[in-house]
Amino acid sequence: MRQPLVAGNWKMNGSRASVAELLDGIKAGLDEVKVAEVAVCPPFVFVPEAQARLQGTAVAWGGQDLSVHESGAYTGEIAGSMLADYGCRYVIVGHSERRSYHHETDALVAEKFAAARKAGLVPIFCVGETLEERESNVTEAVVGRQVDAVIAHCGVEMLGEGVIAYEPVWAIGTGKTATPEQAQEVHAFIRRRVEEASPAVAAKVRILYGGSMKPENAAELMSKEDIDGGLIGGASLKAADFLAICKAAN
Ligand code: PGA
């Protein structure tokens with residue numbers, strides 16, 4: 001049995017005041033979350049606040065990105081060891097916003113996956129196709145290539161130490177969610193792809209869905225065989241909505 005994971009990706013949102021309120025709101029509603037593991041990924045500067053407020057609770061926290069380097073003259077970068085130092089369990093790697101706005105390639109994302117593991121973090125490794133790619137029927141080719149890049153660089157065993165998140169780019173922040181069937185189809189494809197390298201890893205690795213997941217559609221998405229939770233953007237910024245999604249896994 002794979003325990004569902006619901007992780008909030010706060011992106012570049014929040015202030016000290018709103019972050020404190022959001023963290024306390026999530027903590028207050030945790031009792032009703034029976035099944036899912038819960039995590040939040042705030043902007044870097046709020047990670048210490050997450051640690052201060054979440055330590056000792058069931059909620060884990062993480063970063064949204066990390067450097068491939070361990071330390072040194074890399075202005076503006078954050079090392080995995082720094083995140084680990086602040087108690088992070090998770091770190092998102094290869095989010096489509098970083099792939100598109102920061103030109104992160106499959107090879108760089110694979111290096112970040114390895115850097116995260118080296119620092120003892122669990123990577124939440126994002127894959128997904130654009131609308132253009134879906135309409136040209138290359139979804140499987142694109143997602144397969146993204147998954148293969150990590151297997152080639154890190155090995156399938158290391159891939160299995162992370163979490164995969166399927167996030168169709170056309171569904172992110174657009175309000176357009178993939179139907180449960182559309183999502184399940186790609187999740188099953190990803191699992192088969194991993195299975196070719198290792199059936200044991202394929203059976204255990206969690207594959208989250210991300211892209212306009214909200215309280216209204218979370219239960220149906222997560223009821224699908226290969227959907228093991230969610231990576232939540234917009235709806236993770238309101239404690240009530242985020243908790244409703246966490247409870248949808250019950
Ligand atoms: P969204 O974002 O839930 O706002 O669509 C998901 C993500 O980008 O991780």
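## Exercises on aromatic pairs and the ligand site

The structure holds two aromatic pairs (Phe, Tyr and Trp rings, the six-membered one for Trp, with centres within 6.5 Å). This is a predicted model, in which local features need pLDDT of at least 70, side-chain atom pairs count only at pLDDT 80 or more, and totals for chains, interfaces and linings use all residues. Residues are numbered from 1 along each chain as its sequence is written, and side-chain values use heavy atoms, without hydrogens and water.

**Exercise 1.** Classify the pair formed by Phe-113 and Phe-125.

*Solution.* Planes under 30 degrees apart count as stacked, over 60 as edge-to-face and the rest as tilted. The ring centres of Phe-113 and Phe-125 are 5.9 Å apart and the planes stand at 85°, so the pair is edge-to-face. Phe-113 belongs to helix H5 (residues 106-118) and Phe-125 to strand S5 (residues 122-127), so the pair ties together parts twelve residues apart in sequence.

**Exercise 2.** Identify polar contacts of the ligand (pairs of N or O atoms within 3.5 Å).

*Solution.* Begin with the side chains: an N or O atom of Lys-11 lies 2.7 Å from a ligand oxygen, and one of His-95 also lies 2.7 Å from a ligand oxygen. Next, take the backbone: an N or O atom of Gly-234 is 2.8 Å from an oxygen of the ligand. Finally, consider burial: the ligand taken alone exposes 280 Å², of which the protein buries 95% (Shrake-Rupley method, 1.4 Å probe).

Notes: A polar contact is a pair of N or O atoms within 3.5 Å; within protein, one must be able to donate a hydrogen and the other to accept it, and residues adjacent in sequence count only if both atoms are side-chain atoms. Helices (H or I, at least four residues) and strands (E, at least two) are DSSP runs, numbered from the N terminus.
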